[in-house]
Amino acid sequence: MENCPADVVTLGRAAWVLLHTAAAYYPDRPAPSQMESMRSFLNSFIDNYPCFSKEFKEYIKEDPIKVGNRKKLSEWLCLQHNKVNQKLGKPLFDCSLVFERWLEQGSPSKR
């Protein structure tokens, strides 16, 4: 199988795709159980995924996960991703385009 085990770049990209896609498809009006589930998922993922550093966990302490609705979660995640990109010297993503990138491009009509 190609790229197994995955390198850091591949793992990082895959993690961000998973997280941004989950945020883009998160409900506009989540039930309390959905909010707790998403918060728990993100905390667990961040605790257990090898690419997330101690520093990323500090970002979350400074700006806790926002699970109130799809827009809040997607914007929060984009801001966290941009903090990582800035630290790595990568270009920042325009967070006003999160749905265009992670939701609309993934819809069947855009494939």
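This is a predicted model: local features need pLDDT of at least 70, side-chain atom pairs count only at pLDDT 80 or more; totals for chains, interfaces and linings use all residues.
Student: Is Ser 74 buried or exposed?
Tutor: Ser 74 lies in helix H4. Leaving aside residues up to four places away in sequence, Ser 74 touches Ala 23, Ala 24, Val 98 and Phe 99. Its relative accessible area is 3%, and the cut-off for that class is under 20%, so Ser 74 is buried.

Student: Which cysteines form a disulfide?
Tutor: A search of the whole structure finds one disulfide. The two sulfur atoms are 2.1 Å apart, and they belong to Cys 78 and Cys 95.

Student: Which parts does the pair of Cys 78 and Cys 95 tie together, and how many residues apart are they in sequence?
Tutor: A disulfide is a covalent bond between the sulfur atoms of two cysteines. Here Cys 78 lies in helix H4 (residues 70–88), while Cys 95 is in the loop between H4 and helix H5 (98–104). The pair therefore ties together parts whose separation in sequence is 17 residues.

Student: Is the disulfide of Cys 78 and Cys 95 left-handed or right-handed?
Tutor: Both Cys 78 and Cys 95 are buried. To settle the hand, look at the torsion about their S-S bond, which is about -90 degrees. Because of that torsion, the disulfide is left-handed.

Student: Which residues does Asn 82 touch, not counting residues up to four places away in sequence?
Tutor: Asn 82 is placed in helix H4. With 9% relative accessibility, Asn 82 counts as buried. Its contacts beyond those sequence neighbours include one of the disulfide cysteines.

Student: Is the pair of Phe 41 and Phe 45 stacked, edge-to-face or tilted?
Tutor: This is the one aromatic pair that a search of the whole structure finds. The ring centres of Phe 41 and Phe 45 are 5.8 Å apart and the planes are at 35 degrees. Stacked needs planes under 30 degrees apart and edge-to-face needs over 60, so this pair is tilted.

Student: Why are Phe 41 and Phe 45 separated by about one helical turn?
Tutor: Both residues belong to helix H2 (residues 32–48). Phe 41 is partly exposed at 32% relative accessibility, whereas Phe 45 is buried at 14%. The separation is about one helical turn because, in helix H2, they are four residues apart.

Student: Which residue lies over the face of Trp 102?
Tutor: Here we look for a charge over the ring. One sits at 4.0 Å from the ring centre of Trp 102, and the residue is Arg 101.

Student: Which helix supplies the largest share of the lining of the largest pocket?
Tutor: That pocket holds about 730 Å³ of space. There are 29 lining residues, and those closest to the centre are Trp 16, His 81, Val 84, Asn 85 and Lys 90. Helix H1 (8–24), helix H3 (54–62), H4 and H5 each supply at least two lining residues. The largest share, eight residues, comes from H1.

Notes
Residues are numbered from 1 along each chain as its sequence is written. Side-chain values use heavy atoms; hydrogens and water are left out. Rings of Phe, Tyr and Trp (its six-membered ring) pair if their centres lie within 6.5 Å; planes under 30 degrees apart count as stacked, over 60 as edge-to-face and the rest as tilted. Buried means under 20% relative accessible area, exposed over 50%, partly exposed in between (1.4 Å probe, protein chains only). A charge sits over a ring if NZ of Lys or CZ of Arg is within 6 Å of the ring centre and within 35 degrees of the ring normal. A disulfide is a pair of cysteine sulfur atoms within 2.5 Å. Contact means heavy atoms within 4.5 Å. On a 1 Å grid over the protein atoms alone, a cavity is a set of points where a 1.4 Å probe fits but cannot get out, and a pocket is an open set with protein on both sides within 12 Å along at least five of seven lines; lining residues have an atom within 4 Å of a point. Grid points are joined across faces, edges and corners, and a volume is the space filled by probe spheres set on the points.
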